[in-house]
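Hello,

Here is the model I promised to send over. Please have a look at it first, and then read my notes below.

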Amino acid sequence: MSLSNATMAEINALNYANEVFFLFWTFASIALGTVGHLLSIYVFTRPILRSNPCACYFLAATVTGLFVSYINLPLRLLQYVFNYDVFKYSNATCKILSWILFCSRYCL
């Protein structure tokens, strides 16, 4: 059973639309994440909040979230949209990047 040309064209159009959506979504997430995290850093570094342990925790979570926005999202963009996998070229690079990404995700 084979797919017709119209069905393949529809599948290719859906895949292209998915890639374009993911591309714009990633850039929007990076931009909005940068603004949000920088504003959170601005708020949580106020002198009145430095003695509050909860504010210190939120500051650490904000810095970790900023790290995820600048490291994890571009790596996923390279993998999903541009089909470039940075993990497959070196075993050491794969282990280091995986460790960094998992640690940054679990710190949130």
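A word on terms first: helices (H or I, at least four residues) and strands (E, at least two) are DSSP runs, numbered from the N terminus. Residue numbers start from 1 along each chain as its sequence is written. Please keep in mind that this is a predicted model, where local features need pLDDT of at least 70, side-chain atom pairs count only at pLDDT 80 or more, and totals for chains, interfaces and linings use all residues, while side-chain values use heavy atoms, with hydrogens and water left out.

**Overall picture**

The protein chain has three helices and zero strands, in the order α-α-α from the N terminus. Its C-alpha trace spans about 70 × 30 × 20 Å along the principal axes. The radius of gyration is 19 Å, whereas a compact globule of 108 residues would come out near 13 Å. That radius is taken over C-alpha atoms, and the globule rule is 2.2 Å times the number of residues to the power 0.38.

Of the 108 residues, 23% count as buried. Here buried means under 20% relative accessible area, exposed means over 50%, and partly exposed lies in between (1.4 Å probe, protein chains only). The chain exposes about 7,900 Å², with carbon and sulfur atoms supplying 71% of that; the areas come from the Shrake-Rupley method with a 1.4 Å probe, and for residues only the protein chains shown count as cover. Among contacts (heavy atoms within 4.5 Å) with a separation of 6 or more, 61% are between residues 24 or more positions apart.

Thr-62 lies in helix H2 and is buried, at 8% relative accessibility. Beyond its neighbours within four places in sequence, Thr-62 is in contact with His-37, Ser-40, Ile-41 and Phe-44. His-37 belongs to helix H1 (residues 5–44). A polar atom of the His-37 side chain lies 3.5 Å from the backbone oxygen of Gly-65.

Ala-60 is also in helix H2, but this residue is partly exposed, at 44% relative accessible area. Ala-60 and Phe-44 are 16 residues apart in sequence and 9.5 Å apart in space, C-alpha to C-alpha.

**Helix H3**

Ser-104 is found in helix H3 and is buried, with a relative accessible area of 5%. Not counting residues up to four places away in sequence, Ser-104 touches Thr-64, Phe-67 and Val-68. By contrast, Ser-104 and Ser-4 are 45 Å apart in space, C-alpha to C-alpha, and 100 residues apart in sequence.

**The loop between H2 and H3**

Asn-83 sits in the loop between helix H2 (53–80) and helix H3 (91–106). Asn-83 is not a glycine, yet its phi is positive, at about 55°. Most residues other than glycine have a negative phi. Asn-83 is exposed, with a relative accessible area of 62%.

Tyr-89 lies in the loop between H2 and H3 too, and is exposed at 55% relative accessibility. Together with Leu-78, Phe-82 and Tyr-84, Tyr-89 makes a nonpolar surface patch of about 430 Å².

Note on methods:
Patch = residues over 30% accessible without salt bridge, like charges linked within 9 Å, V, L, I, M, F, W, Y side chains within 5 Å. Salt bridge = Lys/Arg side-chain N within 4 Å of Asp/Glu carboxyl O. Polar contact = N/O pair within 3.5 Å; in protein donor to acceptor, adjacent residues only side chain to side chain.
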